[in-house]
Amino acid sequence: MPVEWQPVRQSRTHELVLQSIEQRVFAGELRAGDRLPPERELAPVLGVSRSALREALRVLETIGVLVAQPGRGPDSGARIVRNPDDALGRLLRLHFALGSYSLHDVLEARVVLERSSFEAAARHASAEDLDEAETLLVRMGEPDVEASEFNDLDTRFHVHMARSSGNELTSTLTSAVRESVRPLILRALEGAEDWPGTAAALNAEHTELLRLVRAGKGAKAADLVEQHIRSLHGTLVDEGSDRS
């Protein structure tokens, strides 16, 4: 029987450019803050068109490891950066919207991450970190705060506490997971029959969480943040199950 040959799949040019840049990052030749050569210089060195190079740079910008400044001058061009929070949050929101993860998956991930971060924050957070968290809570407790601003401040509080734990990866993952459900949580807040009462109850829990962290009571803070997350986020999970 004759062999049936199939065409060999070729990598697209911009993927080869990505591999070249990734290899230099892995080898330590490119670090955060380094600038790439101008397109007119880099494209011929790599043996690719400028359009293929631009496509690769756009991918790197999307995943948060490169920022491109158009124009001329010392600040123009592409620079290697470390900005994973926004990139991971965007990616997770899209996958959540596409059904890659269920609300229950996100709930359980939040519980695991935030139990860990609040317990660690009780050991590692500085007084300055905790004062910044308290500033957020003060604004959240104002009578004129609306649901959209409360939701933003709520997100910032939880991410800030994760950052205060001293674990940057936990902070980034907490930010991405919380961002993925921000629209759903906002919808739940806006649909509350008694918004002032809902805001006051949530902020009372935030205030107690901060008090426990200040007192170094990490285990109790972990238990309370799980209860806090499951009370609102868990309601969203139940509603989603009812609709399915």
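Two residues are in contact when heavy atoms of theirs lie within 4.5 Å. In this predicted model, that criterion can be applied to serine 175, which, leaving aside its neighbours within four places in sequence, is in contact with Asp85 and Val159. Serine 175 belongs to helix H8, residues 168–180. Its relative accessibility is 9%, and because burial requires a value under 20%, serine 175 counts as buried.

Read from the N terminus, the order of elements is α-α-α-β-β-α-α-α-α-α-α-α-α. Of the 244 residues in the chain, 39% are buried. The accessible surface comes to about 14400 Å², and carbon and sulfur atoms account for 52% of that area. As for the reach of the contacts, among those between residues at least 6 apart in sequence, 68% join residues at least 24 apart.

Helix H3, residues 50–62, contains glutamate 55, and leucine 60 is also placed in H3. Not counting residues up to four places away in sequence, leucine 60 touches Leu18, Ile21, Val65 and Leu66. The C-alpha atom of leucine 60 is separated by 9.9 Å from that of valine 81, which is 21 residues away along the chain. For glutamate 55, the C-alpha separation from valine 17 is 9.1 Å, and these two residues are 38 apart along the chain.

The next subject is the packing of helices. Two packed helices are described by the angle between their axes and the distance between the axes. The axes of H5 and H7 come within 7 Å and cross at roughly 55 degrees. This angle makes H5 oblique to H7, because it lies in neither the parallel range, under 35 degrees, nor the perpendicular range, 65 to 115 degrees. The crossing of H5 and H7 is left-handed. On the H5 side, Arg110, Glu114, Ser117, Phe118, Ala121 and His124 take part, and they meet Phe157, His158, Met161, Ala162 and Ser164 in H7.

In one of them, the rings of phenylalanine 118 and phenylalanine 157 have centres 6.3 Å apart and planes at 50 degrees, so the pair is tilted. This pair links distant parts of the chain, with phenylalanine 118 in helix H5 (residues 103–124) and phenylalanine 157 in helix H7 (residues 147–164), 39 residues apart. Both phenylalanine 118 and phenylalanine 157 are buried.

An edge-to-face arrangement is found for phenylalanine 150 and tryptophan 195, which form an aromatic pair with 5.3 Å from centre to centre and 90 degrees between the planes. Here too the pair links distant parts of the chain: phenylalanine 150 lies in helix H7 and tryptophan 195 in helix H10 (residues 195–214), 45 residues apart. Phenylalanine 150 is buried, as is tryptophan 195.

How values were computed. Residues numbered from 1 in each chain as written. Predicted model: local features only at pLDDT ≥ 70, side-chain atom pairs only at ≥ 80, totals over all residues. Heavy atoms only, no water. Phe/Tyr/Trp six-rings, centres within 6.5 Å; stacked < 30°, edge-to-face > 60°. Helix = DSSP H or I, 4+ residues; strand = E, 2+ residues; numbered from the N terminus. Buried < 20%, exposed > 50% of the residue type's maximum accessible area, 1.4 Å probe, protein only. Areas by Shrake-Rupley, 256 points an atom, 1.4 Å probe, with all protein chains shown as cover. Axes fitted to C-alpha atoms, helices over the stretch in contact; angles between N-to-C directions. Parallel < 35°, antiparallel > 145°, perpendicular 65-115°, else oblique. Left-handed = near helix turned anticlockwise from the far one by under 90°.
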